[in-house]
Amino acid sequence: MSGVQKLYSDAGGKGTIPSINFQHIPVNGYKDNMDNPQFYIMGENNEDSYHVKKNTGWFTALKQTGSCKGVFFGHDHDNNKIIKLDGIYLGYGLQSGWFEGYAENSKKGGLLITLNNNGNVNLEQIVYND
């Protein structure tokens, strides 16, 4: 039995398996709330957040699943801010590469995301220092 199957079985076949979503473009709810200190978790944005123009309802759908604990994106390379909105972490990881002419002065590194079986999420930005 795989780990996912065991979690579902342990919950009597009726439980919610915690999940995380990774996508390129930010959800609309992020931009609307990224500067609200009430939702701030960590990081900073050094450019605007560019989401799709039409709100497709994707974030609402993720909330309705009850299983989504985080949505992480990478479209805007000079951003690494994370917020928590409606119980879901939304944000960017650190820039992991070096790009000439674009976001050259951004922090480099990665975001360690730990999703525990109980649904708790731990986030740690790991900054590369040369």
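Trainee: Why is K31 called partly exposed?

Mentor: K31 has a relative accessible area of 28%. Buried means under 20%, exposed over 50%, and partly exposed in between (1.4 Å probe, protein chains only), so K31 counts as partly exposed. This is a predicted model, where local features need pLDDT of at least 70, side-chain atom pairs count only at pLDDT 80 or more, and totals for chains, interfaces and linings use all residues. Residues are numbered from 1 along each chain as its sequence is written, and side-chain values use heavy atoms, with hydrogens and water left out.

Trainee: What makes the contact of K31 and D48 a salt bridge?

Mentor: The term requires a side-chain nitrogen of Lys or Arg within 4 Å of a carboxyl oxygen of Asp or Glu. For K31 and D48 the N to O distance is 2.6 Å, so the pair qualifies. D48 is partly exposed, with a relative accessible area of 28%.

Trainee: How do you know that K81 is buried or exposed?

Mentor: The relative accessibility of K81 is 11%, so K81 counts as buried. Its salt-bridge partner is D35, at 3.6 Å from N to O. D35 counts as exposed, at 60% relative accessibility.

Trainee: Why is the pair of K63 and D86 said to tie parts together?

Mentor: K63 lies in helix α3 and D86 in the loop between β4 and β5 (88–92), so the pair joins parts 23 residues apart in sequence. Helices (H or I, at least four residues) and strands (E, at least two) are DSSP runs, numbered from the N terminus. The N to O distance in this salt bridge is 2.9 Å.

Trainee: How many salt bridges does the rule give?

Mentor: The count is three.
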